[in-house]
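Please look over the structure shown below before reading on.

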Amino acid sequence: MVESFPMKKVIDDQGNLVMASERELIDQDLVQTAYYHMYRIRTFDKKAKSLQRQGRIGTYPPFEGQEAAQVGSALALGEEDWLFPTYRDHGAMLTFGANMTRTFLYWNGRLEGCVPPDGKRIFPAAVPIATQLLHATGASWAEKRKGTKNIAIAYFGDGATSEGDFHEGLNFASVFQTPTIFFNQNNGYAISVPFERQMNSKTIAQKGIAYEIPSVRVDGNDFFAVYFEMQKAVNRARNGEGPTLIEAVTWRTGAHTTADDPTKYRPKELGQDIVDPIVRFERFMKNEGFWDEDFAANIHQEVEKEIEAAVKEMESYPKANVEDIFDHVFAELPNQLANQKDTYLQLLRGK
Amino acid sequence: MTSNMTETKIVTKDITLIQAINDGMKTVLERDETTLILGEDVGKNGGVFRATDGLQEIFGDDRVIDTPLSESGIIGTSIGLAVNGMKPIAEIQFMGFIYPAYDQIMTHASRIRMRTMGRFSVPMVIRAPYGAGVRAPEIHSDSAESLFTHMPGIKVVCPATPYDAKGLLIAAVEDPDPVLYMEPMHSYRSFREEVPTDYYTIEIGKGKRRIEGEDVTLITWGAMVPLVEKVAKQAKENGISCEVIDLRTLYPIDEGLIAESVKKTGRAVVIHEAPRTGGLGNDIVSIINDTSFLYLKAPIERVTGFDVPVPFSSLENHYLPTPERILKGIEKVINF
């Protein structure tokens, strides 16, 4: 089965173009945009880990190593599309237009972190596993009913394919031919359980066959491979040709979360041979004449500034409002909940 | 009727509870194009109970949608549809089949509004026939309301009569938040009532005094209502005047109506068919404790199902509250 789903690559580990036909699709603007976003979310991720270690934010699930997959997928979306992420997809969310301060706020236990910028259709990260596949199917189904060309993307990991909602999501999308992209980041491990223990199938892409959903396996550390396959899937969805399953094979460089210790379950040498997706992209830029020291230096500086400003804003954000725990449960506060709120607020106010 | 209202004759039809549910759905589908029905066998077959009978013919198969056999799928996609401007009415064929969808309801439908501070909301209705006493196969007879009244972020309604069934259904569809609409399977066709053919709503959160009385308040809902009314009439013959409260909404509960009645009668019996421990009856006892304790002349009685899975049909009548058990409860609080 693995032969039926060869891993698509556009550039190899040395940054050499292996799919020459794609060269004409690559221009300076795309290269710089991709590099900027990958560098930006990598720096965000590093900062978040560091803030967690200093006790300045809560538990954090790093996505280091998955930048090409997250940026390559998010950049292929349109303004009006829907994004249904997991808790490890803040890189994709930021690339798609989530607010960085609010992203830090989310990891600091603040509700504000789930509120996207006005008009941005970014759902809060799914914490249960695979549930969001159905939301993406439903939301994109609504777009189809409205007669728009908008689509939805659901992010999920290798572990999610073991859940019932993975099957139910793909099946609904297939039956109702919804414009949904099921974007899998196969990063090798679901917390401590390796791919081989998650499934006996050799690929995730092959699961699409059962649903008659077109599926493809891409090198998830190759920005171009992800981006071009995403574009194809997006176009198909927009043209009414239904859902696509994409397996982006990548690697979780770090721990599951900052509360996790992968040395307990993952042999140290595993993943050592994997070339970092940003290093690989830089090699490509240098090989193909896209590398520009000034551009890179500017970007590095700009990103540092943005992140420092976001951290500052997060840390000086107005204190969480206790009323928020009551006020958003329903559109209108029911009496008994209003009573609980009043009683507690009176206690807080010393009455 | 106030004097400045022109006298319009309300046209009614004498229909059963299931016909009223059908009529309610027809009304909302006509009024609002974003309303959809999703479920197993709801289209061509018109539902296994015929709740959606004829609706696909009128509104088409893209609004009355036969879905795959997939409860989590039905609720999960309905969440996505609702978040994106649709108003899904999702049918779970029997309440005992809702458990695969529990995760979607608990972790998403009920908390999307809170998690996004109101940016996204899930205005959907989940219809679920519930209850025992119709000799259905196992798992088809559960009363799982407490799983949902305990769940923050979802409303739970349970009509007992055709009139309330239609009005509450329309109110549930119009509600901006998810509503679980429990249908008393036992009462689907057991009696008829005059129901307006036009649009009307019953306010969610408001119970109804079905019978006025002086000596004891009987609090119940759904399929237990006709039974409790019957018992109240029997008790009347023995000289006990029972007030019967039909809660109609189980969350948010009409605390005012309960308190007002218990303050008058000083005695209460709560009747429900769900298991006793963790049952909604306990919350009602607490409401009385909070609001009317000093008016009580006797401890509150509960007449409920037992802490057992609903028995197979040969024994299910032993599980359900019977007139004898309810009368015994009434006598206990009267003779305390």
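The paragraphs below treat the domains, the contact of the chains, the helix pairs and a few backbone details.

This is a predicted model, in which local features need pLDDT of at least 70, side-chain atom pairs count only at pLDDT 80 or more, and totals for chains, interfaces and linings use all residues. Residues are numbered from 1 along each chain as its sequence is written, while chains are lettered from A and ligands numbered from 1 in the order in which they are written.

Domain bounds here come from an automatic or database domain assignment. Chain A is divided into domain 1, residues 2-320, and domain 2, residues 321-351. The centres of these two domains of chain A, taken over C-alpha atoms, are separated by 38 Å. In chain B, domain 1 covers 12-196 and domain 2 covers 208-334. For domain 1 of chain B and domain 2 of chain B, the distance between centres, again over C-alpha atoms, is 26 Å. Their contact takes 26 residues from domain 1 of chain B and 24 residues from domain 2 of chain B; two residues are in contact if their C-beta atoms, placed from the backbone, lie within 7 Å. On the side of domain 1 of chain B that touches domain 2 of chain B, the elements giving two or more residues are α6 (145-149), β6 (155-157), α7 (162-174) and β7 (179-184) of chain B. Helices (H or I, at least four residues) and strands (E, at least two) are DSSP runs, numbered from the N terminus. By class, this side of domain 1 of chain B has eleven nonpolar, nine polar and six charged residues. Ala, Val, Leu, Ile, Met, Phe, Trp, Tyr, Cys and Pro count as nonpolar, Asp, Glu, Lys and Arg as charged, and the others, Gly among them, as polar.

The two chains also touch each other. Chain A gives 32 residues to this contact and chain B gives 34 residues. On the side of chain A that touches chain B, α5 (131-146), α6 and α13 (335-348) of chain A are the elements that give two or more residues. Which of them gives the most? The answer is α5(A), with eleven residues. The classes on this side of chain A are 17 nonpolar, nine polar and six charged residues.

One helix pair spans the two chains. The axes of α6(A), residues 164-175, and α3(B), residues 71-83, come within 9 Å and cross at roughly 65°. Axes are lines fitted to C-alpha atoms, for helices over the stretch in contact, and angles run from 0 to 180 degrees between N-to-C directions. The angle makes α6(A) roughly perpendicular to α3(B); angles under 35 degrees count as roughly parallel, over 145 as roughly antiparallel, 65 to 115 as roughly perpendicular and the rest as oblique. The residues in contact are Gly164(A), Asp165(A), Glu168(A), Asn171(A) and Phe172(A) of α6(A), with Ser72(B), Gly73(B), Gly76(B) and Thr77(B) of α3(B). Sorted by class, one residue of this contact is nonpolar, six are polar and two are charged.

Within chain A, α6(A) also pairs with α5(A), where the axes come within 7 Å and cross at roughly 15°. α5(A) and α6(A) are therefore roughly parallel to each other. From α5(A), the contact uses Thr131(A), Leu133(A), Leu134(A) and Thr137(A), and from α6(A) the residues include Asp165(A), Glu168(A) and Phe172(A). Five residues of the contact of α5(A) with α6(A) are nonpolar, three polar and two charged.

Chain B has a pair of its own: the axes of α1(B), residues 17-31, and α7(B) come within 8 Å and cross at roughly 30°. α1(B) and α7(B) are therefore roughly parallel to each other. Among the residues in contact are Leu17(B) and Ile21(B) of α1(B), and Leu169(B) and Val173(B) of α7(B). This contact of α1(B) with α7(B) has ten nonpolar, two polar and two charged residues.

Some backbone details remain. α13(A) is followed by Gly350(A), whose phi is positive, near 75°. In chain B, Asp41(B) is a residue other than glycine with a positive phi, near 70°, and Asp41(B) is placed in the loop between β2 (35-39) and α2 (55-59) of chain B. The peptide bond from Tyr251(B) to Pro252(B) is cis, with omega near 0°. Pro252(B) lies in the loop between β12 (249-251) and α9 (255-265) of chain B.
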